[in-house]
Amino acid sequence: MNTNTALVMVVEDEVQIAEILIAYLERAGFRTARAGDGDLALQLKQSLRPDLILLDLNLPKRDGFAVLSSLRQDSMIPVIVISALDQDVDKLTALRIGADDYVTKPFNPNEVVARVTAVLRRSTGHREAGLVRIGALELRSEAHEISVGAVPLSLTPSEYRLMEFLMRRPGRVFSRGDLVDACLPESEALDRTVDSHIAHIRRKLSEAGAGVELTTVRGVGYRLDPT
Ligand code: CA
């Protein structure tokens, strides 16, 4: 797929904001569609099969979190969440439910277009029927499995959540606190709990010849890179 002929669906109830986004996207060569509420977004997703969804959180009928959860039950479609809520908790909730990226209002429309291009580029070729591939690692969310070739890694539930989160966002750095909030929310997890999980995962990746590296970014956190 040429990313610039991709169909981008803008899910936004505020007409002016939607029109600005659509104008910038079309100027960049994208095809566009618009849904003004959460229910319509899910209907149009089925009928139009967009390549990416720009999803506002505060929507009538069904909010963006509910739309995203519903989408993620059976779809790996790239979703960039847009919200006026510049709060880390919303950002992390959206990422945890499965958003690929997050933009806050007021936004620079050129930046949104750049994010759309980046997310599409990242997902194209890495995604077939719910499959994410990095190095020799393969993530199959529906099977709840991460494997090297046909050999599944033996991961604990926490290790799986951390790896799934990082595999969907390769090359991006997350702090230990981000990873606790996104992947270990039910536990009283401490930063050093993350370090301990990461150490175990690294050993398993290395033993399996996974072709990826969990890089420590000094003073910041962790990042998953192909080697
Ligand atoms: Ca709105």
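In this predicted model, L139 stands opposite I146 in β8. L139 also faces V132, being the residue of β7 that stands opposite V132. These pairings belong to an open sheet of four strands, in the order β6-β7-β8-β9, with antiparallel pairing. β6 (131-134) and β9 (151-152) are the edge strands; each has a single partner strand, so one side of each lacks a neighbour in the sheet.

**Strand pairs**

| Strand pair | Bridges | Facing residues |
|---|---|---|
| β6 and β7, antiparallel | four bridges | V132 and L139 |
| β7 and β8, antiparallel | four bridges | L139 and I146 |
| β8 and β9, antiparallel | two bridges | S147 and P152 |

Strand β7 covers residues 137-140, and β8 covers 145-148. A hairpin is formed by β7 and β8, with four residues between them. In its turn, H144 has a positive phi of about 55 degrees. The hairpin of β8 and β9 has two residues between the strands, and there G149 takes a positive phi near 60 degrees.

Helix α6, made up of residues 157-167, lies across β6, β7 and β8. The helix runs at about 105 degrees to β7.

V132 and M76 are separated by 56 residues in sequence, while their C-alpha atoms are 9.5 Å apart in space.

**Calcium site**

Which residues coordinate the calcium ion? The donors are D13 (OD), D56 (OD) and N58 (O), at 2.1 to 2.4 Å. The spacing of these donor residues in sequence is D-x42-D-x1-N. D13 and N58 link distant parts of the chain, 45 residues apart. D13 sits in the loop between β1 (7-11) and α1 (15-27), and N58 is in the loop between β3 (52-56) and α3 (64-72).

The accessibility of D13 and N58 can be set out in turn. D13 has a relative accessibility of 28% and so counts as partly exposed. N58 has a relative accessible area of 58%, which means that N58 is exposed, as the cut-off is over 50%.

Note on methods:
Residues numbered from 1 in each chain as written. Predicted model: local features only at pLDDT ≥ 70, side-chain atom pairs only at ≥ 80, totals over all residues. Heavy atoms only, no water. Pairing = 2+ DSSP bridges. Contact = heavy atoms within 4.5 Å. Axes fitted to C-alpha atoms, helices over the stretch in contact; angles between N-to-C directions. Donors = N, O, S within 2.8 Å, 3.2 Å for Na, K, Ca; no water. Buried < 20%, exposed > 50% of the residue type's maximum accessible area, 1.4 Å probe, protein only.
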